[in-house]
Amino acid sequence: MFQLPDYIGPCAFGIKMGVIVPGTDLQEMILADITRMDADGMLEDCDVLAITESIVARAQNNFVNIDDVAAEIRSLLSLTPESRIGVVFPIASRNRFSPILKSIARAVPHGEVIVQLSFPDDEVGNQIIPADVAIELGEKHGGLIRSGDLPREFTHPLTGVNYIGLYESIIREAGATPTVFLCNDPTRIADFTPDGVIAADIHTREKTRAALSALIPNCCTLQDICSKGTSLPGSEWGLLGSNMSSEERLKLAPHLADLFACTLQDAILKKTGKHLEIIVYGDGAYKDPSSGIYELADPITTFGATPGIGDSLREGFKMKYLVDMFHAEGRSEEEITKLLEEEYKRAREIHCIECEGTTPRNMKDVLASLADLVSGSADAGTPMILIKGIHNKH
């Protein structure tokens, strides 16, 4: 039987699963794994089961064709094939935004797509142009840099991709005319008189929409596209959180992931008698210190969760501070140990000195970030993560 020693603290285990395809009964597949884990003594009440959003969406068959997205964009913004459409603050991504841009361009195959990029980086830290070049050109051109103003091609320092050139080529392939410029003021898109605008940023989309709407009322966000109706394909997140599935289709974020999590929790309780909390997670919420890239390209870390997790914070007292304080008082190691045990039982205000330096974090973000680091997005083959010792109440 599997059993962790008492001296092991919080930990996470990647659970290997089989192939998940559209139509897979994911709940039954997970229950089979859970039954085996329970028989091996791995499960306890208050454990968290984290399931990556991609397998939930795939099992739901939540895919949408590029041409269908183009048709919805044309209808949503009342465009014609000859219209001019603006796209403000998209991220630089082949996997995330390139297929969306293909849909946008196909919505106006005889028109113009005007793409406004932020600089020097996009909102998640992907470099568009080097910072020193940005300062020089920004001052020279009054904060609005056209692609023709660039002295040479600039590529992403990690991927080696020239995203300005890539986005121009995607638009041309659809038959439309590309216009790409760099500017950090979203209202400057109005200088190009578009017939409609998509606020394509992720975390700041509503702020961008608000700024644009005063000048261009015909405006939407990516969340407004593929989010109408109650049937699949579709998601309450629209195109936010979508990924390239193939050259001609997108995988959307899961549909009603909260419902999936709660239904699975009930099934696990009935099957094993264990009360687990469930999250359906996407990107972790962390910033890579080497590249400066903020990994959260999804609109949220956790697309669905059981109510027991809620919006609680992971917080606690500063153990190092208390150990130093008790030691300075002349306490023995045994006394300090007993005092710390008492501290675990105490309730305290978040601003108290004992908590100083311990940043409260949303429990969903902590769990999703841990799960994302364990599962990764490569070939680990562990789209389900069992997390123990972090969430301790339900």
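Helices (H or I, at least four residues) and strands (E, at least two) are DSSP runs, numbered from the N terminus. By that rule, the chain has 11 helices and 16 strands. The model is predicted: local features need pLDDT of at least 70, side-chain atom pairs count only at pLDDT 80 or more, and totals for chains, interfaces and linings use all residues. Residues are numbered from 1 along each chain as its sequence is written, and side-chain values use heavy atoms, with hydrogens and water left out.

**Whole chain**
- The C-alpha trace spans about 75 × 55 × 35 Å along its principal axes.
- Buried means under 20% relative accessible area, exposed over 50%, and partly exposed in between (1.4 Å probe, protein chains only).
- Of the 394 residues, 49% count as buried.
- A contact means heavy atoms within 4.5 Å.
- Take the contacts between residues at least 6 apart in sequence: 71% of them join residues at least 24 apart.

**T382**
- T382 sits in the loop between α11 (363-375) and β16 (384-388).
- T382 is buried, because its relative accessibility is 10%.
- Leaving out residues up to four places away in sequence, T382 touches G14, I15, K16, V374 and S375.

**Cysteines**
- A disulfide is a pair of cysteine sulfur atoms within 2.5 Å.
- The whole structure has 0 disulfides.
- The closest cysteine sulfur to that of C11 is in C46, 14 Å away, so it is too far for a bond.
- C11 is buried, at 15% relative accessible area.
- For C220, the closest cysteine sulfur is in C219, at 6.4 Å, which is also too far for a bond.
- C220 is buried too, with 3% relative accessibility.
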